[in-house]
Amino acid sequence: TLRVQREGYAPQELAVTPRPGFPQSLGVTLATLAEAKAKSTVARVTTAAGQEMVLLRPGPFAMGSSRREVGRRANEALRQVRLQRPFYLGVAEVSNAEFRQFRAGHSSGDFKGKSLNGDGQPAVNLGWEDAALYCNWLSAKEGLPPFYTVQGGRVTGFSAASRGYRLPTEAEWAWAAIVQADGSSARFGWGQELPPTAKAGNFADQSGATLLGQVIAGYDDGFPVAAPRKRFAPNRHGLFDLSGNAAEWIHDIYEALPPDGRADPAGPGSGEFHVIRGASWRHGSV
């Protein structure tokens, strides 16, 4: 029996049967103590606001678009990303009812007379800072250290080591949304081609033709504006509405051409804009 150990890592034991005349090679990868602890955590948790979160164990993948992809923008460079840390992600968008636990007076408003303010609809008409402050509020409810640093009511930075709630990084969001079980990446949440498959999500469809300038021909999801959450099938991780309904604020500050090969990237330390990912009920184009 061999025991392999190193300070800061979880030890590993393995049994070996010697075979005279036959050399043997053993490959051992030790997990850090943090990784070992993450593997022992529960698969699903519930927040103080009643939201279900699922534990995801990501890996390396290619993020962005190749030069050959139709509709590709210049800032969508294909790059390799190494995700190493497990993380929890909420299975659904934050609803109006959940956000109003934090800010009782919030209204998501309406669009051309169609309400966006139902309890079950996603909370919208919010800035990035509103989303970050909501994360800190949720951390405080559970006695966790805040992830975002706040001074004078404004978010001024973040603590990368904090166990508190935060927005997903762009790489985490992209992995959860597009990477398939075999490690390949889908162009869209439902597959590689447009139009979406039937009831793939809430996009600019025929039901919203009188409200919107551009809709997907022949596609009808039945909701002219934002739908109550979880009305469409989840993806392979059990996550709802990543492809549509409401676009999501992401943790990262925007940078046009991020470098290749970074591990668990969280975006630059400063900048003017934050990233938004995912389509919504208003989007009908690539």
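Biologist: What share of the contacts with a separation of 6 or more comes from residues 24 or more positions apart in the protein chain?

Modeller: In this predicted model, those pairs account for 55% of such contacts. A pair counts as a contact when heavy atoms lie within 4.5 Å.

Biologist: And what is the chain built from, in helices and strands?

Modeller: Four helices and 13 strands. Its C-alpha trace spans about 80 × 45 × 35 Å along the principal axes, and 37% of the 286 residues are buried.

Biologist: Okay, take N245. Why is N245 called buried?

Modeller: Buried means under 20% relative accessible area. N245 has 0%, so N245 falls under that cut-off and counts as buried.

Biologist: Then what makes K199 partly exposed?

Modeller: Look at both limits: buried is under 20%, exposed is over 50%, and partly exposed is in between. K199 comes out at 47%, so it lands in the middle class.

Biologist: What is the phi of K199, and what is the phi of N245?

Modeller: For K199, phi is near 55 degrees, and for N245 it is about 75 degrees. Both values are positive, and neither residue is a glycine.

Biologist: Which peptide bond is cis, and how do you know?

Modeller: The one joining L194 and P195, with omega about 0 degrees. Most peptide bonds are trans. P195 also has its place in the loop between α4 (170-178) and β12 (248-253).

Biologist: Now for α3. Why is α3 called largely enclosed?

Modeller: Eleven of its 14 residues are buried, so the rest of the structure largely encloses the helix. Among the buried ones are W128, Y134, C135 and W137. The cover includes α2 (96-102), β10 (148-151), β11 (154-158), β12 and β13 (274-277).

Biologist: How do you know the length of α3 is close to what is expected?

Modeller: The expected span is 1.5 Å times one less than the number of residues. For the 14 residues of α3 (128-141), that gives 20 Å, and the helix reaches 20 Å from its first C-alpha to its last.

Biologist: What follows α3?

Modeller: G143, with a positive phi near 70 degrees.

Notes
Residues are numbered from 1 along each chain as its sequence is written. This is a predicted model: local features need pLDDT of at least 70, side-chain atom pairs count only at pLDDT 80 or more; totals for chains, interfaces and linings use all residues. Side-chain values use heavy atoms; hydrogens and water are left out. Helices (H or I, at least four residues) and strands (E, at least two) are DSSP runs, numbered from the N terminus. Buried means under 20% relative accessible area, exposed over 50%, partly exposed in between (1.4 Å probe, protein chains only).
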